[in-house]
Amino acid sequence: MMTAEPEENDDGQVEGMFGSISEQNNEAYFDDRSDAEDDLLKGQIKFPKEKIYGRDDELAKLRSIYNDVSQQAGENTTSAAVFIAGYSGTGKSALVEAFAKQLDDAEEDSHLFASGKYSELRAETPFSAIAEALSKVTSELMTGDPDELQRVRDNLKAAGVIGDGDEGEVLISMFPVLSQLLRSEEQQQVEPASAASYDFETFKYVFQQFVRALCTKIRPFTLYIDDLQWVDVASLEIITTLLLNKSIQFFMFIGAYRSNEVDEEHAFYQRIL
């Protein structure tokens, strides 16, 4: 085995057979020997959790699709759907999180991003991931720019989701969190009607109107749903309806699923893939 004595050059770098290693300004970040509870963990190299490696091509593809959706103009404007497959732990969610961070870091862009995740334990609960995403949408709008909130409410009113009639109540019956967004302050204490009070076709129509009102050229909407291998049948119906609705513009849907758990007999495969 060949060895070489390391030497420090004039630039303060350590030189050896395989090049040089620049002195770290914060060595403890990568090699922390102080906060570990046992000797096995001390000295382990730690990588930044927010950093993603080897996925530049995939990130560029997601951003290209987003740009196509957000920068369209005219009657040919459409939405887009992207599906990411892979085994558990292969970085599907990390890829989408890195993409969302890119959107956040692009200060010139205004966007709406929300995510939800299905769970094996809640596989029989309708719309669980969609409800999670809508909760995030509501929170972002209610705590964000008041002018942006008013713009969204104006769009919802124009779409018939807010105002005379019970269209908004259809959504609130299924997703109570939307009460903050769709009801006036005086109506907040009113108990929502049972979801069973409305037929599913009405619910599908109003939900499409709701998403359509959220998506604008000024602020495109990206919806990310994870673990679609556990999606319920009702959610599949809603997602399919959204993706087939050509009147919904400036909308990007990203779905992720475990490829080893979705075969040709799976409802998700048969309905969407």
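Which phenylalanines form one aromatic cluster? Select Phe127, Phe175, Phe200, Phe203, Phe207 and Phe210, which together make up that cluster, where rings of Phe, Tyr and Trp (its six-membered ring) pair if their centres lie within 6.5 Å.

This is a predicted model, in which local features need pLDDT of at least 70 and side-chain atom pairs count only at pLDDT 80 or more, while totals for chains, interfaces and linings use all residues. Residues are numbered from 1 along each chain as its sequence is written, and side-chain values use heavy atoms, with hydrogens and water left out.

Next, keep Phe175 and Phe207 on screen: their ring centres are 6.2 Å apart and their planes meet at 45°, so the pair is tilted (planes under 30 degrees apart count as stacked, over 60 as edge-to-face and the rest as tilted). Phe207 is buried, at 3% relative accessible area (buried means under 20%, exposed over 50%, partly exposed in between, with a 1.4 Å probe and protein chains only).

Then select Phe210, which touches Leu134, Leu156, Val161, Leu171, Leu178, Leu181 and Leu182, leaving aside residues up to four places away in sequence (contact means heavy atoms within 4.5 Å). In the largest nonpolar core, which has 48 residues, Leu182, Phe210 and Phe221 touch the most other members; such a core is a set of buried Ala, Val, Leu, Ile, Met, Phe, Trp, Tyr and Cys residues joined through side-chain atoms within 4.5 Å. Apart from this core lies another of 20 residues, among them Leu59, Val69, Ala80 and Leu103.

Finally, select Phe221, which counts as buried at 3% relative accessibility, and Phe251, which counts as buried at 1%.
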